[in-house]
Amino acid sequence: MVPEAERLLVIACGALAREIIAIRDASGLSHIDLTCLPAILHNHPDRITGAVEDAVQKHKGSHARIFVAYADCGTGGQLRTACDRLGVEMIDGPHCYAFYEGLTQFAERDDATSFYLTDFLVRQFDAFVWKPLGLDRHPELRDMYFGNYRSLVYQAQTDDPELDVRARICADRLGLRYERRLTGYGDLGAALRDWVRD
Amino acid sequence: MSDEEDDIILSELDDDELVEQMFDDLYDGMKDEIVEGVNILLERGWQPYDILTKALVGGMTVVGNDFRDGILFVPEVLLAANAMKGGMGILKPLLAETGAPTIGKMVIGTVKGDIHDIGKNLVAMMMEGAGFEVIDLGINNPVENYIDKAAAEKADIIGMSALLTTTMPYMKVVIDTMKEQGIRDDYVVLVGGAPLNEEFGKAIGADAYCRDAAVAVETAKSLMARRHNQAGMA
């Protein structure tokens, strides 16, 4: 067992927990500990930076190094500024949809009219999309939110037929064309492994 | 709202009660009731401008304050906005006919690469309600849309909206292009959107970052007044 002072810590968005554990276990990175912030911060980007800062301050004495498993995630550059100030690394790119697909590929697609779901968001569609937008109570608002989108793109981290079916239903509910892309973990695995190697 | 209010007959309320009821109906996003209330006030001889400012904008101000204070959330604000839109649909042509006062003219749009328009639409509606003429460019606007339309319409204000971290830098492209063309100071430039902040607004050279629709209205009014004062002194 690696002593705590030599262990590494990943502070992650709760929406990435399952994926980070899978990467860690598959890569033999057993000296990485994981702590997660509530995934629902995804819906409140203005709260992410403060929550990450608090978590880094809380854990910085107990681990040799800390990695923040967030991309910008709608913080408008504030999370990057905070991580630089705290001396911790984070994931490059605008959001998880970009790093799952691969930052370069995502940027090249330049597709503004797709609404993205990941494995996590397919599982949690009602809790993270449908209900917070009030569509359970006011379905008539759907086109105010989604009228400018054309497609729902399900970025599949795992090849799971059941999630495929569920994602297609999500697309139907939102009135969007459905597309599935099997991305796997995209740039997330490389980001973690590169950080460990540094 | 409580069941007892199902029995309220709007036409039986006096003017003050009706306006108060319209505040509640706006708050609850009841579009049909707002349309009915507007029509009743028109039948009673109210000026369209008074209905707009006293009943609709007054009600939406309450909604805006409660949104800012975390009492209401986006779905409720959208429902209220939709109800106000119903009332505005009746009043807009009448306001044009009656020559209601106009504070200034604004061209507004979501920037290139961004299709999100909820915030932009709210700002446009509240600006109209406050007496601005608003030309809505819609979504995904390249720089020339802003500049050409602002020139053609002799606008006072250019408003830009973005929801994405990846698209907000485009606001600087628009402002830099305005500088290159020597027209930056011809307009007040307001920016807004969830990932923005005041620091970003300053860094790209906007006149102001507006946190929400209510702030946008107040900022626009204040900057327009300042421009008029400066013009008067020149």
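Student: Which residue in β2(A) is the bridge partner of A:Leu8?
Tutor: A:Ile32 is the bridge partner of A:Leu8 in this predicted model.

Student: How many bridges are there between β1 and β2 of chain A?
Tutor: Six bridges pair strand β1 (residues 8–13) of chain A with β2(A), in the parallel sense.

Student: And what is the strand order of that sheet?
Tutor: The order is β2-β1-β3-β4 (chain A). Those four strands form an open sheet with parallel pairing.

Student: Which strands are at the edges?
Tutor: β2 (32–37) and β4 (89–90) of chain A, each of which pairs on one side only.

Student: Switching to chain B. What order does the sheet have there?
Tutor: The open sheet in chain B has five strands in the order β2-β1-β3-β4-β5, and the pairing is parallel.

Student: Why do β2 and β5 of chain B have one side without a neighbour in the sheet?
Tutor: Because β2 and β5 (208–209) of chain B stand at the edges, each with a single partner strand.

Student: How many bridges join β1 to β2(B)?
Tutor: Five bridges join β1 (residues 104–110) of chain B to β2(B), and the two strands run parallel. Within that pair, B:Met106 is set opposite B:Val134 of β2(B).

Student: What does the parallel pairing go through, in general?
Tutor: Strands of a sheet pair through backbone hydrogen bonds, whether parallel or antiparallel.

Student: OK, domains. Which ones are assigned in chain B?
Tutor: The assignment gives domain 1 (3–98) and domain 2 (105–233) of chain B. Their centres, taken over C-alpha atoms, are separated by 27 Å.

Student: How many residues are in contact between them?
Tutor: Twelve residues of domain 1 of chain B are in contact with eight residues of domain 2 of chain B.

Student: What does UniProt annotate on chain B?
Tutor: The unreviewed UniProt entry carries the annotation "domain: B12-binding N-terminal" over residues 9–103 of chain B. Over those residues the chain is 76% helix and 0% strand, with the end C-alpha atoms 36 Å apart.

Student: Which element gives the most to the lining of the second largest pocket?
Tutor: α4(B) does, with seven residues. α4 (74–98), α5 (118–129) and β2 (132–136) of chain B each supply at least two lining residues.

Student: What is the lining by class?
Tutor: Nine nonpolar, three polar and five charged residues make up the lining of the second largest pocket.

Terms used: Residues are numbered from 1 along each chain as its sequence is written. Chains are lettered from A and ligands numbered from 1 in the order in which they are written. This is a predicted model: local features need pLDDT of at least 70, side-chain atom pairs count only at pLDDT 80 or more; totals for chains, interfaces and linings use all residues. Side-chain values use heavy atoms; hydrogens and water are left out. UniProt positions are given in the numbering used here, feature names are shortened, and annotations may be inferred rather than shown by experiment. Ala, Val, Leu, Ile, Met, Phe, Trp, Tyr, Cys and Pro count as nonpolar, Asp, Glu, Lys and Arg as charged, and the others, Gly among them, as polar. Two strands pair if DSSP finds at least two bridges between them. Domain bounds come from an automatic or database domain assignment. Contact means heavy atoms within 4.5 Å.
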